Amino acid sequence: MNRLILLACTLLLFFILTAFESEREGESIKQYAEDHAVQDVLDTVRSGDRADYHFSTSEDIRVGLFQPSWSYGEAFIDQESSDALEQTDEWYAVVYQDGKPVNVMAASKNENGKYAFMGIGFGQDLAVALHTAGTEAGKLVYEFPADAWFMIDEDSVHGLNKQGESVMGKGDWSLSRYMEYVHGRYSDPEVSMEHGQNTATGGAGLLPDQDEVERSGLLYVGLGILFIVGVLMTSRMKRKRSS
């Protein structure tokens, strides 16, 4: 019976290690895109909730070029400098199915300093807008509280998704007008603190915290080990009593 307990624990430990070491990572965003991005999308395509992401069962998947997102620096919020945008470690790419833009995926640098899958499901309207704009169009900015995406292209700004267009309409804004909007929205420290550090950009606010997901996974695995060991120990005790 001791051997059975040891075997069960060994097998569970093996599954734990393989599960948490099998994350698809790249040393650079380019390596991640070339080696893992399509497979991460296929995981969603092959899932039962693919329709929620506007996917069909077709596995004709292509991932476009990843482009970084940008956040507002303090000087940008204070209207002191239009160049005070800070590049984040979050990258976004259009996902194509059967040659059509369907959704947008994200990758980011993890705690190991490597690039890995962050999430998918930022909307078909954003996918179409990014496809139309192209990867050289400007700087991509995401506002978490409004769920709004913007493209800053030199001296003009335009909304990319429905929420972004609801802020500024179908037309473009001048950069100075956009900076006034940002200043009015985020110059109050209490507002910024209310929404946390992801106030201006990124997309992390839409996705579960990866550390929290891993902690939850380890918790359930640990409970599983305790349960199996408990069952085996109970069985052993019953056999001893019966003998």
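**Close-up views of the predicted model**

**Close-up views of the predicted model**

**View 1. Arg 185 has a relative accessible area of 29%, which makes this residue partly exposed.** The model is predicted. The side chain of Arg 185 meets that of Glu 143 in a salt bridge, at 3.4 Å from N to O. Glu 143 belongs to strand E7 (residues 139-143) and Arg 185 to helix H7, so the pair ties together parts that lie 42 residues apart in sequence. Is Glu 143 buried or exposed? Glu 143 is buried, at a relative accessible area of 0%.

**View 2. Helix H7 covers residues 175-186.** From first C-alpha to last, the 12 residues of H7 reach 16 Å, close to the 16 Å expected at 1.5 Å a residue. Which residues of H7 are buried? They are Leu 175, Tyr 178, Met 179, Tyr 181, Val 182 and Tyr 186. These residues lie on the same side of H7, because they cover an arc of only 155° around the axis. Glu 180 and Gly 184 are exposed on the other side of H7. An α-helix has 3.6 residues a turn, so residues three or four places apart point the same way.

**View 3. Glu 34 and Lys 30 pair within helix H2.** Their side chains form a salt bridge, with 2.6 Å from N to O. The two residues are 4 apart in H2, so about one helical turn separates them. Both Glu 34 and Lys 30 are exposed. Side chains of opposite charge can pair when their charged atoms come close.

**View 4. A salt bridge joins Lys 114 and Glu 27.** The closest N and O atoms of the pair are 3.6 Å apart. Where in the chain do the two residues lie? Lys 114 is in the loop between strand E5 (100-109) and strand E6 (115-120), while Glu 27 is in the loop between strand E1 (25-26) and helix H2 (29-35). The pair thus links distant parts of the chain, 87 residues apart. Lys 114 is partly exposed, with a relative accessible area of 27%. Glu 27 counts as exposed, with a relative accessibility of 54%.

View 5. Averaged over the protein chain, pLDDT is 79, and 68% of the residues score at least 70.

**View 6. The protein chain contains 9 helices and 10 strands.** How many of its 243 residues count as buried? The share is 37%. Of the contacts between residues at least 6 apart in sequence, 54% join residues at least 24 apart. The chain exposes about 14000 Å², and carbon and sulfur atoms supply 52% of that area. The structure holds 7 salt bridges.

Terms used:
Residues are numbered from 1 along each chain as its sequence is written. This is a predicted model: local features need pLDDT of at least 70, side-chain atom pairs count only at pLDDT 80 or more; totals for chains, interfaces and linings use all residues. Side-chain values use heavy atoms; hydrogens and water are left out. pLDDT is the predictor's confidence in each residue, from 0 to 100. Buried means under 20% relative accessible area, exposed over 50%, partly exposed in between (1.4 Å probe, protein chains only). Contact means heavy atoms within 4.5 Å. Accessible areas come from the Shrake-Rupley method with a 1.4 Å probe; for residues, only the protein chains shown count as cover. The expected span of a helix is 1.5 Å times one less than its number of residues. The arc is that of the directions from the helix axis to the C-beta atoms. A salt bridge is a side-chain nitrogen of Lys or Arg within 4 Å of a carboxyl oxygen of Asp or Glu.
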